[in-house]
Amino acid sequence: MTSRKPLIAGNWKMHKTGPEAVESSRQLVKLTAAVDQVDVMIAPPFTALAQVAEVLRGTRIMLAAQNMHWETRGAFTGEISSEMLISAGCTHVILGHSERRQFFGETDQTVNLKLKAALAAGLRPVVCIGESESEREEGKTFSVLDKQVQNGLKGLLSDDLKELILAYEPVWAIGTGKTASSQQAQEVHAYLRGQLAETYGRAIADKVRILYGGSVKPSNVAELMAMDDVDGALVGGASLDPETFSKLVHYQN
Ligand code: PGA
């Protein structure tokens, strides 16, 4: 048995103004106040981070950003640095989300730069990987994931792995209503953990939390979470409504 604590994380993407985010996080604090078997995290848009941090202060809900730049400061119009995120109250940052890869030119190389910068700054990274529909159909799922892990995590030391959270998000399941079956998720998660074990050793690989993401909702969360190597969920659509998200957090009930 492992001691990996489950983590339910909400990625709000480009949703909610400051006041809306404050209202949602207030509700979430109330709805999840009694939960201590499960870690909870939310990733509001940049503009709401500092306000939401105030709401979350003293609660167990953790605050993540959805992206960052790898440089600490400089002439990078429109970008945000690790130190800005930390000063806004973030402890975590999502890196390499498939929407960033698809629409904003994110590559394994930029994920790697960001990952190292986040670790150096003391932010805990949630690194997203996942295959597209055509890659899965062509039988390339594992080779795509291998490449994303090898290049994305290049140069990381065993010690760094203690801070890392991995999120397997098959691109074909994001926002589509198509969820990977719990067996499909388990198969990939076990594979990923095996790959981590080869590089960093079994003891360390056994400690890394691997989240599943892609159309997770109250009706499928328990089944996914019952899988040995599924340690949590990264949730988009179903994280926007606090009541629904709270149902996900309470999946054990
Ligand atoms: P979804 O998004 O839950 O809306 O499919 C998941 C994600 O993109 O993290």
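**A ligand shell and a closed barrel**

By class, the shell around the ligand is made up of four nonpolar, seven polar and two charged residues. The model described here is a predicted one. In this model, 13 residues surround the ligand, and the closest are Lys-13, His-97, Glu-169, Gly-175 and Ser-215.

On the side-chain side, an N or O atom of Glu-169 is found 2.7 Å from an oxygen atom of the ligand. The backbone takes part as well: a polar backbone atom of Ser-215 lies 2.8 Å from a ligand oxygen atom. For Gly-237, a polar backbone atom is likewise placed 2.8 Å from an oxygen atom of the ligand. The protein buries 95% of the 280 Å² that the ligand exposes when taken alone.

Attention can now turn to the strands. Eight of them form a closed barrel, in the order S1-S2-S3-S4-S5-S6-S7-S8, and their pairing is parallel. On average, neighbouring strands of this sheet are turned by 25° against each other, direction ignored.

Strand S7 covers residues 209–213 and strand S8 covers residues 232–235; the two run parallel and are joined by three bridges. Within this pair, Tyr-212 stands opposite Ala-233 of S8.

Technical notes:
Residues are numbered from 1 along each chain as its sequence is written. This is a predicted model: local features need pLDDT of at least 70, side-chain atom pairs count only at pLDDT 80 or more; totals for chains, interfaces and linings use all residues. Side-chain values use heavy atoms; hydrogens and water are left out. Two strands pair if DSSP finds at least two bridges between them. Helices (H or I, at least four residues) and strands (E, at least two) are DSSP runs, numbered from the N terminus. Axes are lines fitted to C-alpha atoms, for helices over the stretch in contact, and angles run from 0 to 180 degrees between N-to-C directions. A residue is near a molecule or strand if one of its heavy atoms lies within 4 Å of it. A polar contact is a pair of N or O atoms within 3.5 Å; within protein, one must be able to donate a hydrogen and the other to accept it, and residues adjacent in sequence count only if both atoms are side-chain atoms. Accessible areas come from the Shrake-Rupley method with a 1.4 Å probe; for residues, only the protein chains shown count as cover. Ala, Val, Leu, Ile, Met, Phe, Trp, Tyr, Cys and Pro count as nonpolar, Asp, Glu, Lys and Arg as charged, and the others, Gly among them, as polar.
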